[in-house]
Amino acid sequence: MASMAATTKLALHFPENLHIKKMNKNVGFSKKKILKVEEKENTSGRRNLSVAANSGGYQTAAAADMINGKKLNGIHVGKEMMSSTWDACMLGKFVEERFVYRQTFVIRSYEIGPDKTATMETLMNLLQETALNHVSGSGLAGDGFGATREMSLRKQIWVVTRIHIQVEKYSSWGDVVEIDTWVDAAGKNAMRRDWIIRDSTTRKIITRATSQWVIMNRETRRLCKIPEQVREEVQPFYLDRLAIAAVQNHIEKIEKLTDETAGRIRSGLAPRWSDMDANLHVNNVKYIGWILESVPIDVLEHYNMTSMTLEYRRECRQSDLLESLTTMKTSGNEDSINGNHSRDLISTHLLRMNHDKAEIIRARSEWQSKQQH
């Protein structure tokens, strides 16, 4: 007996701002992406829902090996871009002639703290995610965690040596934020990566961040110079722009805390297997939580962290036990906050090995009363 079916079809076209357009001096794509949702009613009265995606989502506008007017080390970017499924999920795009990568995020319930706003760790995770998607979307990604093809051939990875972030406003649960990221040279053997975060509704910049990265051999764990082949890969993407003005980017030396100078010490902090990243060392964002373990609860409850500078000194593995040291001062350099929640605070931090006291991270942070922020 023939099946009796009532069929309804709905075509959902991706919005124009998700398309990768052809830009000056760059490879472009024409995307004809349609997602079809089909609902059928079978003989038993049940309804089945099926989703079909057009498999021919991307058509290369040109097969080229030029990015921003420069040859990209023989890589034909037009032939090796992301799949349509990847693009639909990541929601990222290139802007400003592909010098800037932009991605949108919604602040989830598991990314907020007790006050229902995003935490510093959440912001750092979003910055890291945008950076990795920038590399993947550019066509440079090799088989490493954010490494380029030439780096992967040489068993090299990027490691961060310094991050400085300034927060004007923490987003709330359900807010939508837009993150821009770009890269530039930082001396002869380092790369700088900057970010800005905007509130998607007001378009106001609410966070700025800058970082410095160097190359390390993933087997010997030793730092090395940037190979010329890697430099040729990344140079076409360099953009001479600062997210944070040089005068606002703290470059003074961070004081090393000791048992005598620290106000609080928290010992016995142990990395878990889930704290490891794809390069088999502790993810750089995880350190923030351990640093905050030695910050007084009174500060965490009544203050917002408005800036943080992290200087990474050495790797940390899962078998290591750590100690977190913190000292707090008011902006007027008084040694105690004395329960006065109207004064801004400055804190210095140290994360070190428990057994030999070797430094892992030095950090500095600034805090503003939630009554003012």
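Good morning. A residue is called buried when its relative accessible area is under 20%, exposed when over 50%, and partly exposed in between, using a 1.4 Å probe and protein chains only. Helices (H or I, at least four residues) and strands (E, at least two) are DSSP runs, numbered from the N terminus.

The structure above is a predicted model, in which local features need pLDDT of at least 70 and side-chain atom pairs count only at pLDDT 80 or more, while totals for chains, interfaces and linings use all residues. Residues are numbered from 1 along each chain as its sequence is written, and side-chain values use heavy atoms, leaving out hydrogens and water.

Let us begin with helix 2. This helix covers residues 120-138. Because 15 of its 19 residues are buried, helix 2 is largely enclosed by the rest of the structure. After helix 2 comes Gly139, with a positive phi near 90°.

We turn now to strand 9, residues 100-106. Five of its seven residues are buried, so strand 9 too is largely enclosed by the rest of the structure. Two strands pair if DSSP finds at least two bridges between them. Which sense does the pairing of strand 8 and strand 9 take? It is antiparallel, over four bridges; Val95 has Val100 of strand 9 as its bridge partner. Four residues separate the two strands in a hairpin, and Glu96 in the turn has a positive phi of about 50°. Strand 9 also pairs with strand 11 (residues 176-185), in the antiparallel sense over six bridges. There, Tyr101 stands opposite Thr181 of strand 11.

Finally, the cysteines. Cys316 counts as buried because its relative accessibility is 0%, whereas Cys224, at 27%, counts as partly exposed. Thank you.

Key: The expected span of a helix is 1.5 Å times one less than its number of residues.
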